Amino acid sequence: MTSTTRSRILRAPVVMGVYLLTLLFSLQAHALKCEYTTSNDWGSGFTASITVTNDGSSSITGWEVSWQQNGGSAITSSWNAQISGDNPYTAADIGWNGNLAPGNSASFGMQGNGNDSTGTILACVADGESNTSSSSSSSSSSSSSSSSSSSTSSSSSSSSSSSSSSSSSSSSSSSSSSSSSSTGGSGSCAGVNVYPNWTAQDWAGGENNHAESGDRMVYQDTLYQANWYTNSVPGSDYSWTSLGSCDGSTSSSSSSSSSSSSNSSSSSSSSSSSSSSSSSSSSSSSSSGSSGTYPDYNTNPIAPDMTGMSSNAAQLASTITLGWNIGNTMEALGGETAWGNPMISEELITLVKNSGFDSIRLPVAWNDHADQGTAKIDDAWLNRVKEVIQLCIDKGLTVQVNIHWDGGWLENNINPGSQAAVNEKQVAFWQQIATHLRDFDQRLMFASANEPNVDDATQMSVLNSYHQSFVDAVRSTGGKNAYRVLIIQGPSTDIEKTNELMHQLPVDTIQGRLMAEVHFYSPYQFTLMQADEWWGNQFFYWGEGNHSTTDTSHNPTWGEEDWIDEMFGLMKSQFVDKGIPVVLGEYGAMRRTEQLSGADLDLHLRSRAAWHKHVTESALAHGLLPYFWDNGGTDANAFGIFDRNSNTVFDTQTMEALKEGAGK
């Protein structure tokens, strides 16, 4: 096989805290192109992906890529390819991703150790082809494209100095390519945006940076249609469908007889531009492989499976009006019954369903059930969690599964010094959880964390990386997880902090499958405070018509109906109005049955019922999904609605208030 090879390194600007590095490699004879992209680099390690694109006019049935990691870095794990060798490495398709029609692509990912995240492509071949090249055939190919090759060479030198100059010079060097203008000019591509001239804005506004489901874009004279939300290069993954070349033929082809040389330049320009819009084609693989600290647990990724996964986040949210936490149980350190609650039974779940709840939040501890050296989660624990989920699904309930407090390994370590270690564990755990629970349909949702302790923008940036690792790890396992709704926690799950600090959601491979999460225990003096302090007293009473005339020192001084509406309104404008549902993952006010008695206790309990009703009602009115926090306790300062030992309703007053607030 004779070929001409060209490569260049483009350094992109900082995008969402990640440096993206793109290296392109073209093979003329079979028109295969391999693109190496670094998607996450934390100094001592990195994640990267390689995208193989069939730029020819005939289909291929398999591919093989060879590359070398630079600077002595080493690959520790991979997904969606069979990798062999020891720098240089060779990757081959795994069957389902080997068949590539013209214009189609397949990607595989890897994670590595070392402080150099760059790689150099050595070979990129289709099955049955060799990868030999000679200077004579290279010279012949260069001369056949004459001026196009010359301008490519000049753009290569300029691109190494800055990403902005590389984009402009690469664009000029590929003037014969359709990607030199913002819209297509002829045939079926007339008036269609040319990549990277994106068609849609993200939820926060700003510049266009992605395509929505059904949007069409042109790339290398081929018309593509987005299957769902995507910010990848058109044709580079499953998010795109090729509709044929702009001239109306069914297979994609180069834009001119001289474009075999200019394609390398055009592709480089596109890669650089996609990086600057925070949307590299491999963003879904950021941190999705395990590092050298732990084994790679994504050992059996499968092709995406949309069966039973048709609902997006907003559609799934429309089925949820009242949720219930199985608190202090599966997240208990020491095991399911360690904090005093019995094992979760079918009888309990039936009671919950019959009482009016339609969704379950299942807090879970994982670190307590994992080998601390390998992060391997105990199989029996994985199976028990799966069993509880099935109990809920069988009763027609949707379910959220999270990594809860879990000893604080994540939520108490949101700082740059802990970032690498926490990301590694986050990936290892979610690879295992997602794989084990992969076959559940859309009624199962995953949540990244619980109440991550964040107070400032620096910590928020670290938390963003934890959430990105979560999304990438889940998506990388494939199957139904490619479409599963995922839930992203705000800083401390505090509404005001979330409004102030949470300005982005993780990059995802599919549109509209993310929810945000906050919790609500306000005013604190009413819901949780157990003793008067020098700075203020407890609130025993709450709400219009529920203030005491005899114990006025414990009436509320803030935080009543209008204030709650204002808080929920912040979440509505920040997320819900932009199509992102918000989970009110926990809320509740404790019972003060030991502090109060007689008329004071009666007024307190009426206040408590009024608070639960209003929070539920206002949450739903503002598009938030309410999940009552039930820790199972039936004594003072507890939150339990149900007596889990007898499987009966214990707190009828609160139960009725919740149902009334939910309109049940």
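I started with helix H7 (residues 419–436) and helix H8 (residues 457–476), which pack at an angle of about 25 degrees with their axes 8 Å apart. Helices here are DSSP runs of H or I with at least four residues, numbered from the N terminus, while strands are E runs of at least two. The axes are lines fitted to C-alpha atoms over the stretch in contact, and angles run from 0 to 180 degrees between N-to-C directions. I noted that H7 and H8 are therefore roughly parallel to each other (angles under 35 degrees count as that).

This is a predicted model: local features need pLDDT of at least 70, side-chain atom pairs count only at pLDDT 80 or more, and totals for chains, interfaces and linings use all residues. Residues are numbered from 1 along each chain as its sequence is written, and side-chain values use heavy atoms, without hydrogens and water.

Next I checked who meets whom: Val422 and Trp430 are among the H7 residues in the contact, and Tyr466 and Phe470 are among those from H8 (contact means heavy atoms within 4.5 Å).

Then I looked for the largest nonpolar core, and it has 93 residues, with Leu362, Trp366 and Phe446 among those with the most contacts inside it. Such a core is a set of buried Ala, Val, Leu, Ile, Met, Phe, Trp, Tyr and Cys residues joined through side-chain atoms within 4.5 Å, and buried means under 20% relative accessible area with a 1.4 Å probe, protein chains only. A second, separate core of 22 residues includes Phe46 and Cys124.

Last, I jotted down that buried residues make up 59% of the 664 residues in the chain, and that the chain has 13 helices and 27 strands.

Methods. Parallel < 35°, antiparallel > 145°, perpendicular 65-115°, else oblique. Buried < 20%, exposed > 50% of the residue type's maximum accessible area, 1.4 Å probe, protein only.
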